[in-house]
Amino acid sequence: MNLIAPCGANCATCTTYQKKENSCPGCRIDSENKPRVCKLCVIKNCENLEQTKSKYCSTKCIKFPCTRLKKLDKRYRTGTKCKFSMIENLENIEKLGIRKFLQNEKIRWTCSECGGIKPLR
């Protein structure tokens, strides 16, 4: 659960998380190794998340999906490295619950050849 970011991204699939040296510990873990852009993330530091004490962006938020989340979602859906929707992930977390979502993510991102997590390349 700690590897699902507030925006719905699965940190385990991130190439920065998967690096052998100076890897990022994931969005929810504070660390010196975390890239500056992650530390300053508008979504992670969203006041609505803090006020509701929610772990994830939610359809219950009046701003969902906010402009920042829409832009990030578009970049991940259409980028060359990533092919998933954060908004879809967040909707699935709400619909299925985090445990079922994590089970589906494990199936989705596990390499059939080596059993490891497929990097987003």
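Predicted model: local features only at pLDDT ≥ 70, side-chain atom pairs only at ≥ 80, totals over all residues.
Two packed helices are described by the angle between their axes and the distance between the axes. In this model, the axis of helix α4, which spans residues 67–78, comes within 8 Å of the axis of helix α5, which spans residues 86–96, and the two cross at roughly 110°. Helices α4 and α5 are therefore roughly perpendicular to each other, since crossing angles of 65 to 115 degrees are counted in that class. On the α4 side, the contact is formed by Leu69, Lys70, Leu72, Asp73 and Tyr76, which meet Met86, Ile87 and Leu90 of α5. Of the residues in this contact between α4 and α5, 6 are nonpolar and 2 are charged, while no polar residues take part.

Asp73, which lies in helix α4, has a relative accessibility of 4% and therefore counts as buried, the limit for this class being under 20%. The side chain of Asp73 makes a polar contact with the side chain of Ser85 at 2.7 Å. When residues up to four places away in sequence are left aside, Asp73 touches Phe84, Ser85, Met86 and Ile87.

A disulfide is a covalent bond between the sulfur atoms of two cysteines. With a cut-off of 2.5 Å between the sulfur atoms, the count of disulfides in the model comes to 0. The cysteine sulfur closest to that of Cys7 belongs to Cys27 and lies 5.8 Å away, which is too far for a bond. Cys41 is likewise in no disulfide, its nearest cysteine sulfur being that of Cys7, at 6.3 Å. Cys7 has a relative accessibility of 8% and so counts as buried.

How values were computed: Residues numbered from 1 in each chain as written. Heavy atoms only, no water. Axes fitted to C-alpha atoms, helices over the stretch in contact; angles between N-to-C directions. Helix = DSSP H or I, 4+ residues; strand = E, 2+ residues; numbered from the N terminus. Parallel < 35°, antiparallel > 145°, perpendicular 65-115°, else oblique. Contact = heavy atoms within 4.5 Å. Nonpolar A, V, L, I, M, F, W, Y, C, P; charged D, E, K, R; others polar. Buried < 20%, exposed > 50% of the residue type's maximum accessible area, 1.4 Å probe, protein only. Polar contact = N/O pair within 3.5 Å; in protein donor to acceptor, adjacent residues only side chain to side chain.
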